[in-house]
Every structure is written in structure tokens, then in C-alpha cells.
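Work through the exercises below with the sequence and the structure at hand. Each task is followed by a stepwise solution.

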Amino acid sequence: DGVDTIDVTTQRLNGSINQRIPYGGTLSLFVANSSVDTNDLSATLNPTLTAYSGLQLNQPLLKNFGLLATKYQIYIAKNDLKISTFQLQEKIVQLVYDVESAYWELVYAHQNLEAQKMALERAKDLLKQNEIKVKVGTAAPIEILSSKAEVASNESAVIQAEQAIQTREEELKRILNMSKNPSVLVPVDRPEVKDIKANLNDFLAEALENRTDIKRAKLELENYDIRVKYAKNQALPSLELEASFYSYGKGGTIYEIPPGVTPNDDDFDRVLVDEISLGDAWKDVMKLINKNYTVSLNLQIPLSFKKEKSELAQAKINMKRSLLQLKNTENTVFSEVKQIIKELESSRKLVEADRIAVQLEAENLK
């Protein structure tokens, strides 16, 4: 070779862009440059410059084929996002319910205080009347004692009612995150009685459409259905189509060596013939002078599909469990709706009965 030690210096500059395509394959665009320089005197091309550019396609045809295989995680993530949104809505609805409930408890506490104060005034009036009756001899002294006991009982009720207002107000402030606010919350609304026509079918349809727990259960069932389909795909053999097209160009410094002469001969002479730059090599690439095609099918069949079959079986079990959970949630909603309708009807009758009782008590008081 004309040297004691052969030294080879190789430089490469490569780049590629890879894109996953919708049906599970990968499309790649690649470029490559290389330069190989050696001190070997017998090399007729030194340095050797090479340029490559081309496309490569790898497309699964069985396992990992299709939109589901490509977007499996995206489908699951989108549904999980919706599930998280419904969970947030549930918390908001519960918060609104807690605020409304605490507010009306505060309204009740204020109205109860008014009622207890009125009862106290009536008890004091009755005590005065009994004192007059005892003085004129139309009532026994025991009536005064009984009236005083009634006054004391009503005074205790007033104190308890005032304490209840403080308790209900603090509860409402806690829910509203206003515990450090020194202001007093005074309700301005009063309950209104509305005649609501309770239709089981209408209420049930509205609940099934709007209840977030139903929506969550349906999305979870959809996720498990996606997992089952994905597991079925993963249980298939692997058959992949691989195809590529590329063009290359070659350049460098070209030498000519006389036939039969080696670098160790005295008459060895290496003549420079031509120099082809890397730019010229890339011109050959762009002109597709050196074209290459490859197409192949790669089939892989495992000796056993135990892992894939077990994952498919587990996915089916989870989907059945999710379906039962959905049915159980629907049954719970149906039961709750029926119970609510009964409570609405009972409350409506109670309100009407209490309204009549109030009117009769008012006439009795007069």
C-alpha cells in the first residue's frame, strides 16, 4: 500500500424527517453525505465523496394497521379529558347545591327567629291576661305560674334561634370561602311555592341526558371498547410493507495507476485524472442518474400469542364490568328520580296542608 500504517478518516453529515401517517405507517425523507480520506497510495479514488437522498415507507398491514392503532392514545386521552371535565362539573353542581342549601337554611333560621319572637310576645300577653284574671278572681294562681313557664320556654327558644342564625351564617361563609369576612350575611329572598308538574318520563329523560355520572360512565365504556379493539389488533401477526426509493451520486479525486504497478515499485506513479466535487455528486442525485428501488414484505408470527390473548381477555372483562356499571348508574338514576317525584308530591301536599293550618291558627288567634 506504500505506507506503514493505513489511516482512514470518515466524515458523515446525515439528516432525516420522519412522519407518522394515519394508518400506522412511517414515511421518511432522508439525505446523507460522506467523505472518506485515506493515505493508501493504491486508492484510485481519494477522497471518496458520496451523496444520498430518498424516501422510505414502512407500513404495517395487520398488527398496528389502521387509524385506531395510530390514534389509540389520542382517543383515550380525549375521553379522559371529557371525563375530567364532567368531574369538575359535578363538583361545581355540588358546590352550587351546597350554597343554595346553606342559604335557605339561613333564611329558615331568620324566619324561625321571627316566629319565636312572636311566640314570646304572645306568651307575655297571655301572662298579663292571666295576672289580671287572678286579680279579679276569674283564674287560679296556678295559671300565672304556667304562663311564666311558657314565657321562659319561649325566651330559651329565642336564644336558640339566634344561635342557629350564627351557625347557619358561618356555614354559608365557609362554603363561600368568606370565613374571615366580618360582614353579616342577611338573606333578602323568601321561598316561593311553585306548582311543579312531576312527570316521571320527562324527568328521567332529562336526568339520563344531563347527569354527568351517566356521561362519565358512557365515556368510560367507550374507552374500554377502544381498548378491546386495540387489543384485537395487537393479537394479529406482524406483516409490514417496506418500500424505498433513493438516488445517489459519487465524487472525489480520481487517480490512474499503471497496470501491474504497486506503490512499492520504483517506477510507481499515480496520475491525477479528474476531480468531482460534492456539489457535482449532488447534481447527479437531483438528476436521478443513479436510481434505486426496494420493496419487501416482512412477516413475523410469534410461536405463542399468550400475552396478547390475555390482554384481550382482560380488556373484554373490563368492558363488561364498565357496561354493568353504566346499567347500575342508570338504575340508580331511575330510583332517585322516582324518589324525588314522590318527595315533590309529598312536599306540595305538606305545603298546602300547612297553609290551611296557618289560616286556621290565624283565625283562632283573632
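**Exercise 1. Aromatic rings**

Task: In this predicted model, state which residues are linked into a cluster by ring pairs. Then describe the pair of Phe245 and Tyr293 by its geometry and its place in the chain.

Solution:
- Step 1. The cluster consists of Tyr52, Tyr246 and Tyr248, linked by ring pairs.
- Step 2. Searching the whole structure gives six aromatic pairs. One of them joins Phe245 and Tyr293, with centres 5.1 Å apart and 45° between the planes.
- Step 3. Planes under 30 degrees apart would count as stacked and over 60 as edge-to-face, so the 45° of Phe245 and Tyr293 makes the pair tilted.
- Step 4. Phe245 belongs to strand E4 and Tyr293 to strand E6 (residues 291-300); at 48 residues apart, the two link distant parts of the chain.
- Step 5. Phe245 has 25% relative accessibility and therefore counts as partly exposed. Tyr293 has a relative accessible area of 60%, so Tyr293 is exposed.

**Exercise 2. Nonpolar cores**

Task: Find the largest nonpolar core and say which helices each supply at least two of its residues.

Solution:
- Step 1. The largest nonpolar core has 17 residues. Those with the most contacts inside this core are Leu106, Leu113, Val151, Ile165 and Leu172.
- Step 2. At least two core residues come from each of helix H1 (67-136) and helix H2 (142-175). H1 gives the largest share, nine residues.
- Step 3. Take Leu113 as an example: leaving out residues up to four places away in sequence, Leu113 touches Val158, Ala161, Glu162 and Ile165.
- Step 4. Another core, of six residues, lies apart from this one; Leu204, Ala207, Val337 and Ile341 are among its members.

**Exercise 3. A nonpolar surface patch**

Task: List the residues of the nonpolar surface patch of about 530 Å² and locate Leu236.

Solution:
- Step 1. The patch is made by Leu61, Leu62, Leu236, Leu297, Leu299 and Ile301.
- Step 2. Leu236 sits in the loop between helix H4 (212-234) and strand E4 (238-256).
- Step 3. Its relative accessibility is 35%, so Leu236 counts as partly exposed.

**Exercise 4. Backbone geometry**

Task: Which peptide bond is cis, and where do Asn64 and Leu288 lie?

Solution:
- Step 1. The bond from Asn46 to Pro47 is cis, with omega near -5°. Pro47 is part of strand E3 (residues 45-60).
- Step 2. Asn64, although not a glycine, has a positive phi of about 70°. Asn64 lies in the loop between E3 and H1.
- Step 3. Leu288 is likewise not a glycine, and its phi is positive at about 55°. Leu288 lies in the loop between helix H5 (278-286) and E6.

How values were computed:
Residues numbered from 1 in each chain as written. Predicted model: local features only at pLDDT ≥ 70, side-chain atom pairs only at ≥ 80, totals over all residues. Heavy atoms only, no water. Core = buried A, V, L, I, M, F, W, Y, C linked by side-chain atoms within 4.5 Å. Buried < 20%, exposed > 50% of the residue type's maximum accessible area, 1.4 Å probe, protein only. Helix = DSSP H or I, 4+ residues; strand = E, 2+ residues; numbered from the N terminus. Contact = heavy atoms within 4.5 Å. Patch = residues over 30% accessible without salt bridge, like charges linked within 9 Å, V, L, I, M, F, W, Y side chains within 5 Å. Areas by Shrake-Rupley, 256 points an atom, 1.4 Å probe, with all protein chains shown as cover. Salt bridge = Lys/Arg side-chain N within 4 Å of Asp/Glu carboxyl O. Phe/Tyr/Trp six-rings, centres within 6.5 Å; stacked < 30°, edge-to-face > 60°.
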